[in-house]
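Keep the sequence and the 3D view side by side.

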Amino acid sequence: MLSQVYCSGFQPFRQRLLPWVQSTALSRSRAADRIQPSAIRHVRSWSNIPFITVPLSRAHGKSFAHRSELKHAKRIVVKLGSAVVTRGDECGLALGRLASIVEQVSVLQNQGREMMLVTSGAVAFGKQRLRHEILLSQSVRQALHSGQNQLKEMAIPVLEARACAAAGQSGLMALYEAMFTQYSICAAQILVTNLDFHDEQKRRNLNGTLHELLRMNIVPIVNTNDAVVPPAEPNSDLQGVISVKDNDSLAARLAVEMKTDLLIVLSDVEGLFDSPPGSDDAKLIDIFYPGDQQSVTFGTKSRVGMGGMEAKVKAALWALQGGTSVVIANGTHPKVSGHVITDIVEGKKVGTFFSEVKPAGPTVEQQGEMARSGGRMLATLEPEQRAEIIHHLADLLTDQRDEILLANKKDLEEAEGRLAAPLLKRLSLSTSKLNSLAIGLRQIAASSQDSVGRVLRRTRIAKNLELEQVTVPIGVLLVIFESRPDCLPQVAALAIASGNGLLLKGGKEATHSNRILHLLAQEALSIHGVKEAIQLVNTREEVEDLCRLDKMIDLIIPRGSSQLVRDIQKAAKGIPVMGHSEGICHMYVDSEASVDKVTRLVRDSKCEYPAACNALETLLIHRDLLRTPLFDQIIDMLRVEQVKIHAGPKFASYLTFSPSEVKSLRTEYGDLELCIEVVDSIQEAIDHIHKYGSSHTDVIVTENEKTAEFFLQHVDSACVFWNASTRFSDGYRFGLGAEVGISTSRIHARGPVGLEGLLTTKWLLRGQDHVVSDFSEHGSLKYLHENLPVPQRNTN
């Protein structure tokens, strides 16, 4: 066994620095063992990159059960496969990729974790170096023998791997040293062979060396000594101890020997598939459990290296049995390799996670498949059958009222003190809310009679060739909602009416309420055998991970805070998102507004439910109304309702003693707070709305019909009202029965999105042996393109 320690700087500096680093690392290690979650954060001073120590210590012996727990991993081994370290031509190193990996390892090391690398690459690095030397030597000899400057084609002999390893080991380590130096981190090289693990004295030496290096905050870089590697004997696999045949088995053995929390194996594939990657039916396995290997077909090994996926799985399962969690992921993909290691440690859904704990229910991928299958069955039901399901769900909401309210009471008790008052109000259910929900669901059932399969257009293309455009479900919807359990039955009814499969992800603050409401929805679906069409995601799935399931989800609909919507819009990869990030609703009080109407409209828009997305946030007042009885009445009413007023810049300039000036004119308060600003004209009001609004709902209050129509036509928002409260922007109040949300998008659906917004179309063409060549210049048929009557829609 060979061990070399590399530190940046000259030898005298290292001699001065090392004792201090040892004492600092020792004290920091001891402190980390005592640190509590509420401990004060402190910054390491000897590194150029500050870091925050976090509570990482845990008792070793049992692997993590869930990805979300990986953030607690303290000691981590990262194994870099040959395909990750080397270039595509297998001669030389992928320097950019290595630099990114070193940066991620350094970030984690500077967080107080203990990082170890098991790396390939010495053979590839040595091959590049020896080829260069051979070419240079041959060119010199050839020039001497020929006496000419022209060089003939030179053949490079096959290079022996051990020689390449011997030539490449020092250069590979020097490269790692230079990269880690950029982060003020020292690195140590340790070369081992299989025999080192079978000699008890060598094992103790190796273990002691690694622990001492980790104690000194040095990153050990371990590799098999390929320059002298003997055959893999003795083979101890049969005795239950993995034999070191390659770097996969070396990493697993090292992880268990060092009692590490996490082993990350980076290769050139995304993870473990249920069949060879690239095959038509290959699916990435998110979580792999011991015993599942019988359901996996292994392909060939990677383009370089000694192991393949079968060797990686064997090593991973052995490490898992020894108490180390394992993730196999892609370290070569240019879009993810720059953050793959840190993403894994943060618990994101990357690669294949090996776990000994099987979840009680289906995985989210399985739920997505069930929703897809169930949704397709739902779409084939007769309209009356879908309506019957919704009516039954409405009945259950009132019949099971006591059970629902009891579950909701548990949620409210657990949320007390943790949620703000507006969120608690959203979370709360009541008898009146349930009754209103039931009425809304029956409206949806009535309007669903001809929703799916409705003919929108009929065209006679030619004789006996007729085209129809009909409505069909979108597919599978993912609805993510916060603190609003009443959202669940509304969305469920709309999905049933439109024949869509549905995945629901509710906030943990409404766990009990969501669970019973989902059970009632599935009970209603069961009357026609489509129970699985609606699924409630109860796993520890992060929202960001759900947004990556582009092969299972066709549309994401967020219902919650503006921050939630923004996060989902940012995280969604290849899946459309329907929603609005903010509800900054305006009301413009014109100079010709009615005194009696203004106070009623402002009170209702702001005070009736200030937490709603359709609540008033900015009141624009025409300049001529300042210091008038109408203005005074508005201010007096707001004071009585205890609304905190924020003055816009222009409004503040008119006042000697003004309220607190607004920090931003683009603010959604979601509480009893209101911004007031002054404008000189209707055009200035429209310009203000376009600049600071969110295209949600905007209102004009005036008695002048011409002014009102100008406002209605020129304000570019999803909902524009005249002399009506902003709170009317709602699917139920629009007569849609309910809504899945309010969309400020300009594509597909806008405003309150009800049943119609959850449908798309497909084209049906019915012919009799028609071919395009018959319609050519010399063909026998001509296009007619005649519009045909469309069946009348049932509006009852």
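Leu755 lies in the loop that joins strand E23 (751–753) to strand E24 (759–766). The model is predicted. Is Leu755 buried or exposed? Its relative accessibility is 6%, and the cut-off for buried is under 20%, so Leu755 counts as buried.

Which residues does Leu755 touch, once neighbours within four places in sequence are set aside? The partners are Ser447, Ser448, Ser451, Leu494, Ala497 and Ser498. Take Ser451 from that list. Leu755 and Ser451 are 304 residues apart along the chain. Their C-alpha atoms are separated by 7.8 Å.

Ala497 leads on to a helix pair. Ala497 belongs to helix H15, where it takes part in the contact with helix H11. Leu755 also touches Ala497.

Helix H11 covers residues 383–399, and helix H15 covers residues 487–498. Their axes come within 9 Å. The crossing angle is roughly 165°. Angles over 145 degrees count as roughly antiparallel, and H11 and H15 are therefore roughly antiparallel to each other. The crossing of H11 past H15 is right-handed. On the H11 side, the contact is formed by Arg386, Ile389, Ile390, Leu393 and Leu397. On the H15 side, Pro489, Ala492, Ala493, Ile496 and Ala497 meet them. Sorted by class, the contact of H11 with H15 has 9 nonpolar residues, no polar residues and 1 charged residue.

Next comes a pair with another geometry. Helix H7 (residues 247–257) packs with helix H8 (residues 309–321). The angle is about 5°, and the axes are 8 Å apart. That makes H7 roughly parallel to H8, because angles under 35 degrees count as such. From H7, the contact takes in Asp248, Ser249, Ala252, Arg253 and Val256. H8 contributes Ala311, Lys312, Ala315, Trp318 and Ala319. By class, the contact of H7 with H8 has 6 nonpolar, 1 polar and 3 charged residues.

Helix H22 covers residues 682–692, and helix H23 covers residues 705–714. Their axes come within 11 Å and cross at roughly 25°. That makes H22 roughly parallel to H23, again because the angle is under 35 degrees. The crossing of H22 and H23 is right-handed. Which residues meet across H22 and H23? H22 supplies Ile682, Gln683, Ile686, Ile689 and His690. H23 supplies Thr707, Phe710, Phe711 and His714. By class, the contact of H22 with H23 has 5 nonpolar, 4 polar and no charged residues.

Now turn to helix H6, where His211 is found. With a relative accessible area of 33%, His211 is partly exposed. Leaving out residues up to four places away in sequence, His211 touches Arg75 and Met258. Met258 is 47 residues from His211 along the chain. The C-alpha atoms of His211 and Met258 are separated by 8.0 Å.

Asn217 sits in the loop between helix H6 (200–215) and strand E5 (219–224). Its phi is near 65°, a positive value in a residue other than glycine. Is Asn217 buried or exposed? Asn217 has a relative accessible area of 4%, and it is buried.

Asn723 is the other one. Its place is in the loop between strand E21 (719–722) and strand E22 (741–743). Phi of Asn723 is near 55°, also a positive value in a residue other than glycine. Asn723 is partly exposed, and its relative accessible area is 22%.

Finally, step back to the protein chain. How many helices and strands are there? The chain holds 23 helices and 25 strands. Of its 796 residues, 51% are buried. Consider the contacts with a separation of 6 or more: residues 24 or more positions apart account for 75% of these. The protein chain exposes about 36900 Å². Carbon and sulfur atoms supply 52% of that area.

Notes:
Residues are numbered from 1 along each chain as its sequence is written. This is a predicted model: local features need pLDDT of at least 70, side-chain atom pairs count only at pLDDT 80 or more; totals for chains, interfaces and linings use all residues. Side-chain values use heavy atoms; hydrogens and water are left out. Axes are lines fitted to C-alpha atoms, for helices over the stretch in contact, and angles run from 0 to 180 degrees between N-to-C directions. Helices (H or I, at least four residues) and strands (E, at least two) are DSSP runs, numbered from the N terminus. Angles under 35 degrees count as roughly parallel, over 145 as roughly antiparallel, 65 to 115 as roughly perpendicular and the rest as oblique. A crossing is left-handed if the near helix is turned anticlockwise from the far one by less than a right angle, and right-handed if clockwise. Contact means heavy atoms within 4.5 Å. Ala, Val, Leu, Ile, Met, Phe, Trp, Tyr, Cys and Pro count as nonpolar, Asp, Glu, Lys and Arg as charged, and the others, Gly among them, as polar. Buried means under 20% relative accessible area, exposed over 50%, partly exposed in between (1.4 Å probe, protein chains only). Accessible areas come from the Shrake-Rupley method with a 1.4 Å probe; for residues, only the protein chains shown count as cover.
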